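Dear colleague,

I am passing on the model we talked about, with the sequence and the coordinates placed just below. My notes on what was found follow after that, with the cut-offs given where each term comes up.

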Amino acid sequence: MGAQDTICALASGTLPSALAVVRVSGPAVYAIGAQLLAEGLPPARRGTLAKFQDADGNLIDEGIVLFFPAPNSYTGEDTLELFLHGGPAVVEHALRALTDLEGVRLAEPGEFTRRAFEAGKLDLTQAEGVADLIEAETLGQKSQALRQLTGGLSDIYAGWRDELMYLLALVEVMVDFPDEGDVSADADAPVRERLDALIREVTAALGEGWVGERIRDGFRIAIIGAPNAGKSTLLNRLAGREAAIVTSRPGTTRDVIEIRRVLGGQVVWIADTAGLRETEDEIEAEGIRRAKMTADDADLCLLLVDGSDLPSAPPPLPWPEPKGMVVVNKADALTQMPGWASHIISAKEGSGMERLEADLEARIRSFAGSVEAPAITRARHREKLGRGLAALTSARDALDSGLGHELVAEDLRLAIREMQSILGQIGVEDVLGAVFSRFCIGK
């Protein structure tokens with residue numbers, strides 16, 4: 001990416017459409033206004049009807065033009081937005097006319113937002129919030145992305161960083177002036193107290209952070225049970241289509257089959273798994289191994305029991321509530337009603353399904369609302385917070401062991417570095433490409 005290039009791209013949706021927005025950002029905006037806008041650049045931040053033409057004077061379209069002079073724009077650079085008719089030929093002509101000018105090229109994915117980040121308009125967590133907002137499919141995802149975009153996560157991470165900076169300053173005084181009378185013998189006490197409080201906060205955030213990631217990526221439900229319990233039939237019923245093959249032959253399902261639903265306002269991935277039993281078949285055994293892994297990683301597991309072969313006692317559930325629930329299938333084959341079942345259904349006929357789905361929705365809503373927003377939304381944050389927590393713990397141990405304030409200070413610096421890298425303030429070159437490459441071109 002050339003920092004001095006002027007970039008342009010379609011910033012609106014798929015063509016054809018009623019309107020198309022072409023965004024331009026960079027030092028050539030004034031030249032573009034002089035050469036391609038018949039009336040020149042309009043007044044700043046005022047929508048103006050204008051004729052847009054190519055370098056040969058051929059009319060491209062007539063539409064609304066908005067001009068945002070630096071630094072008061074999304075990217076912090078001079079920015080032009082052209083609201084044109086949304087025909088493919090119109091947009092193609094407009095982009096060709098722009099890129100024919102010297103120093104103007106098509107934007108790479110995420111380049112507008114990357115320039116906003118580099119200009120200090122957004123930190124890295126806010127930039128990730130932009131990407132999440134664009135991709136949001138549910139109100140839960142949208143709300144979380146907006147909280148992140150407007151600085152909800154940034155405020156938390158920045159607050160922790162500022163607290164660490166204060167602690168480091170206190171420790172540095174002890175390093176620089178160990179024999180001064182101004183440093184009392186009990187000077188470690190406030191450092192230890194505030195360090196312990198910070199460790200508790202970060203630990204709590206890491207403990208509940210999976211919820212934010214699940215809201216963003218989707219909660220997971222696994223259907224498990226013995227062969228022929230009706231797992232694939234239940235998956236098809238929940239999907240509303242024939243997503244999995246259903247036969248009377250045990251072991252038909254040998255791999256994990258997933259469908260996507262929206263339940264309780266959240267994206268949910270529901271997995272059908274191989275029947276759990278002892279087998280010497282190598283392929284089926286691999287399917288069973290994957291089934292167990294899927295169940296371990298799931299937020300909710302439905303242990304499906306065959307009602308035509310009902311056990312005398314409830315089957316052992318590997319997971320406590322609220323993760324595990326027992327569902328008895330084939331209600332029409334029951335000779336007695338098991339009081340230990342969470343639900344009794346007929347996946348084939350549909351009886352009991354309305355109540356089961358309502359329960360699933362309620363549980364997903366409960367999971368999503370189990371922590372106060374904003375929560376950790378990405379594995380990148382979790383990884384860096386984990387390393388920061390390790391540095392904090394090491395600093396406290398060094399303080400308690402009397403190993404020297406120099407070691408405490410070094411651990412605090414490491415923790416600060418991790419907090420700053422989450423925000424994109426230091427050492428982030430290795431993650432910038434990965435973050436912004438996922439954006440659409442016009443962002």
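**Notes on the model**

Lys330 sits in the loop between strand E11 (324-329) and strand E12 (343-344), where helices (H or I, at least four residues) and strands (E, at least two) are DSSP runs numbered from the N terminus. This is a predicted model, in which local features need pLDDT of at least 70 and side-chain atom pairs count only at pLDDT 80 or more, while totals for chains, interfaces and linings use all residues. Residues are numbered from 1 along each chain as its sequence is written, and side-chain values use heavy atoms, with hydrogens and water left out.

Although Lys330 is not a glycine, its phi is positive, at about 60°. Its relative accessible area is 26%, so Lys330 is partly exposed (buried means under 20% relative accessible area, exposed over 50%, and partly exposed in between, with a 1.4 Å probe and protein chains only). Arg45, in the loop between helix H1 (29-36) and strand E3 (48-53), is another residue other than glycine with a positive phi, here near 55°, and at 48% relative accessibility Arg45 also counts as partly exposed. As background, most residues other than glycine have a negative phi, and most peptide bonds are trans.

The side chain of Ser73 reaches the backbone nitrogen of Gly76 at 3.0 Å. When neighbours within four places in sequence are left aside, Ser73 is in contact (heavy atoms within 4.5 Å) with Phe68, Thr79 and Lys121.

Turning to helix packing, helix H11 (residues 379-401) and helix H12 (residues 405-423) pack at an angle of about 165°, with their axes 8 Å apart; the axes are lines fitted to C-alpha atoms over the stretch in contact, and angles run from 0 to 180 degrees between N-to-C directions. H11 is therefore roughly antiparallel to H12, since angles over 145 degrees count as roughly antiparallel, under 35 as roughly parallel, 65 to 115 as roughly perpendicular and the rest as oblique. Among the residues that meet in this contact are Leu385, Ala391 and Leu392 of H11, and Leu407, Val408 and Met419 of H12. The residues of the contact divide into 13 nonpolar, five polar and five charged (Ala, Val, Leu, Ile, Met, Phe, Trp, Tyr, Cys and Pro count as nonpolar, Asp, Glu, Lys and Arg as charged, and the others, Gly among them, as polar).

Ala136 lies in the loop between helix H4 (124-135) and helix H5 (139-149) and is partly exposed at 25% relative accessibility. Ala136 and Arg216 are 80 residues apart in sequence and 7.9 Å apart in space, C-alpha to C-alpha.

For the chain as a whole, there are 13 helices and twelve strands, and 48% of the 443 residues count as buried.

Technical notes
A polar contact is a pair of N or O atoms within 3.5 Å; within protein, one must be able to donate a hydrogen and the other to accept it, and residues adjacent in sequence count only if both atoms are side-chain atoms.
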